[in-house]
Amino acid sequence: MSQLRKSLWRGALAAAAVAGFVTTAAAQTDLKIMAPAAPGGGWDQTARSMQQALTQAGIAKSVQVANVPGAGGSIGIAQLVNNSKGDGNQLMVMGYVMVGALLTNKSPITLDQTTPIARLTTEYEAIVVPADSPIKNAKDLAAAIKADPAKVTWAGGSAGGVDHIAAALFAKAAGADPTKINYIPFSGGGEALAAILGGKVTAGISGYGEFESQVKAGKLRLIGLTSATKTANVDVPSIKEQGIDLEIANWRAVVAPPGISADQKKALTDAVEKMVQSKEWQEILKAKGWENAYLSGDAFAKGLNDEIARTKDVLTAVGLVKS
Amino acid sequence: MEAFYSLASGLSVAIQPMNLLFALIGVLLGTAVGVLPGIGPALTVALLLPITFKLDPGGSIIMFAGIYYGGMYGGSTTAILINTPGESASMATALEGNKMAKAGRGGPALATAAIGSFVAGTIATLGLTFLAPYLVDIAVSFGPEDYFALMCVAFITVSATFGDSPVRGLTSLFIGLLLGLVGIDILSGQSRLSFGIPELYDNIEVTTLAVGLFAVGEALYVASRRHIEEEKLEPVRGSLWMTKEDWKRSWKPWIRGTLFGFPIGALPAGGAEIPTFLSYSTEKRLTKHPEEFGHGAIEGVAGPEAANNASAAGTLVPLLTLGLPTSATAAMMLAGFQQYGLNPGPLLFAERPDLVWGLIASLFIANGMLLVLNLPLVGLWVRLLAIPQPWLYAGILVFATIGTIAANPSPVELIMLTVFGVLGFLMRRFDFPIAPVVVGLILGPVAESQLRRALSISLGDPMVLLESPISATLLVIALIALILPFVMKGLGRFKAVED
């Protein structure tokens with residue numbers, strides 16, 4: 001099957017090459033976007049939204065989305081680096097979660113081997129407590145953690161993921177030992193939310209979108225978001241504004257395979273930039289509640305390296321990565 | 001009785017011609033993907049999401065619900081006819097259903113599955129209409145310790161699938177538990193038994209195991225026996241439809257299956273597989289025809305089929321009232337709601353009653369459509385069995401492979417399918433039951449992670465398992481279920497001596 005797909009891709013490439021000769025001006029007519037996850041998740045939705053915006057805005061003639069699920073993106077990135085080297089029409093969606101997954105899975109392939117193109121969106125983490133909790137704000141939570149980190153139970157997503165990292169960073173910023181936090185990973189967003197609503201845990205941590213309707217309905221109390229300053233959609237000051245030095249965002253970005261030429265890189269970057277500016281993309285962002293965080297070129301590449309270094313420190317501190 | 005008025009106004013939304021058309025497309029698609037092993041309703045909804053972006057929200061959400069119900073229906077057809085469960089929730093159906101089909105009773109098996117699904121779907125949708133707000137409070141109060149206790153009950157009842165030898169059954173179960181350990185441990189984030197193969201990090205896919213053991217294993221076994229004794233399959237023996245006796249034996253299991261499926265489906269980590277097995281073992285205990293179990297008992301089809309459809313309605317309870325997605329398909333439907341800027345949860349009922357009640361009303365309609373669609377097809381489906389065996393099983397192998405590849409495009413997945421197929425063949429050859437392997441893979445990881453979560457939250461105090469009233473009750477039920485058969489046996493012997 002993978003052989004078949006490869007030959008299909010080769011066919012598509014050949015067709016693209018022929019098309020390139022005929023219409024010399026339009027370089028990015030046929031794009032391929034890989035979502036290194038199963039259909040339905042955030043990366044898949046990002047890839048399919050890009051497909052929608054790129055084709056509807058007329059930036060690309062056709063866009064194919066392929067899903068390569070598994071191991072937090074480790075399988076997808078391996079395929080990108082090994083099979084698509086030098087392919088100037090290939091993109092892969094990735095995000096902060098992949099940074100952690102590659103480290104905890106001890107992946108032999110690293111993000112250094114890809115060609116960073118641009119960051120697209122960001123979502124801040126939110127910390128919530130049940131509505132009847134005695135904890136009212138970030139200071140209360142910090143005090144409880146400082147008193148005994150093990151007694152504060154956190155519900156969130158998978159171990160080593162952005163929720164876990166944010167919880168560890170919160171403990172560190174509160175002056176507690178981040179290795180002692182009692183973080184309980186849940187597999188789906190629904191299960192974690194049920195545990196928080198049922199008062200089984202002290203606090204919950206996840207993207208704000210997961211909690212928004214419960215916060216508005218008064219069933220959960222929002223302690224704060226992990227943004228630098230208060231965002232427009234909430235009434236609570238950010239955690240940093242409440243005096244706990246924590247800033248973290250779950251971003252999504254696109255990267256290209258290794259070994260592409262400077263021209264190919266520029267063409268891909270231009271296509272993505274045009275897409276971000278299109279009204280189709282703006283509509284999608286609004287509908288999905290994603291925040292635009294467009295950043296490209298060297299600034300993105302440098303930011304990515306800083307994130308990798310910081311994540312490695314945190315994951316080593318909580319014992320998920322052996323240094 | 002406010003719910004009645006709301007439901008009536010919902011019906012007026014649902015019977016608009018466009019919405020009826022969407023419901024019809026949904027159930028057709030759902031049945032089709034349910035029939036194909038590996039391709040489930042979640043994948044279908046995911047692929048349709050971008051296409052429906054510009055459509056009317058009401059219509060497309062009604063279509064998604066149709067796909068969900070249809071998928072639960074379609075999975076049973078292949079389970080019964082060719083011993084290949086389209087979804088893991090149809091596995092219990094395959095146990096008795098396929099035996100019935102081989103004995104020329106495929107018609108009644110398909111009919112009791114279809115009618116049972118209709119009955120269960122309708123009752124459960126009524127439950128969704130009237131009980132959702134109460135049920136959801138109970139569902140949310142279910143903590144990790146309570147799930148662990150529920151898993152204990154499920155483990156005890158698995159013995160119903162063991163067949164004649166408990167030792168062989170336990171061996172199968174432990175193979176399943178072992179397979180359940182493979183992959184990244186959810187609580188520590190460390191990988192176990194994956195030997196550095198990244199494809200194994202995400203645990204072994206239940207459908208790959210089920211399709212390998214059931215479909216591929218069966219095909220290999222049939223091929224190996226061909227020259228020794230050719231199995232004569234009769235597509236139809238006796239009536240194609242359910243006899244009066246069949247109806248009498250089916251209606252109670254339908255109701256009991258619904259009672260298992262709906263509440264467990266409503267639990268955030270309940271799922272569709274556990275109620276089907278609870279229902280299967282209950283029917284096996286209660287039946288007046290215990291000798292037929294393992295050789296094609298209609299109760300063993302009626303109960304689990306009702307349970308899996310009822311659980312589909314159950315998962316909509318936390319989805320609509322809290323915005324909690326508790327199955328892959330429900331998560332996709334949530335994404336569907338969100339793409340229209342709608343947030344399911346306490347506010348949705350107040351903000352968009354037309355949409356919520358329109359959806360609930362169209363569930364009733366989708367259910368009726370499925371029955372109308374499936375009953376006339378029974379006669380056609382059973383003709384499948386008249387296909388010469390080599391062709392039929394070659395076709396099964398093709399479908400099993402395509403389904404697996406579609407769900408997980410990776411050579412490692414295919415190798416696993418083959419290995420499980422050979423394992424299934426060997427287990428058939430040496431007379432080990434197959435279902436406990438899959439049950440072990442489903443229950444093992446859930447029981448482990450919930451127990452560890454419970455202990456994490458209680459800071460290591462095991463008393464948490466007895467302090468929660470739900471957990472304590474369930475553990476007592478498990479204990480009774482474990483001891484009762486021995487006590488009964490002892491009493492029987494005592495009486496025999498007295499006589």
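Student: How many of the 23 residues of H18(B) are buried?

Tutor: This is a predicted model, where local features need pLDDT of at least 70, side-chain atom pairs count only at pLDDT 80 or more, and totals for chains, interfaces and linings use all residues. Residues are numbered from 1 along each chain as its sequence is written, while chains are lettered from A and ligands numbered from 1 in the order in which they are written. A residue is buried if 20 or more other C-beta atoms, placed from the backbone, lie within 10 Å of its own. Here 18 of the 23 residues of H18(B) are buried, so H18(B) is largely enclosed by the rest of the structure.

Student: What span should helix H18 (residues 435-457) of chain B have?

Tutor: A helix is a DSSP run (H or I, at least four residues), numbered from the N terminus. The expected span is 1.5 Å times one less than the number of residues. For H18(B) that gives 33 Å, and its end C-alpha atoms are 33 Å apart, which agrees.

Student: Where does the kink lie in H18(B)?

Tutor: A bend is the angle between axes fitted to the seven residues ending at a residue and the seven starting there. In H18(B), a kink of about 25 degrees lies at B:Leu443, shortly before the proline B:Pro445. After H18(B) comes B:Leu459, with a positive phi near 60 degrees.

Student: How many residues of chain A are in contact with chain B?

Tutor: Two residues are in contact if their C-beta atoms, placed from the backbone, lie within 7 Å. By that rule, 44 residues of chain A are in contact with 43 residues of chain B. H7(A) gives the most to the chain A side, with 7 residues.

How values were computed
Helices (H or I, at least four residues) and strands (E, at least two) are DSSP runs, numbered from the N terminus. A residue is buried if 20 or more other C-beta atoms lie within 10 Å of its own, exposed if 12 or fewer, and partly exposed in between; C-beta atoms are placed from the backbone.
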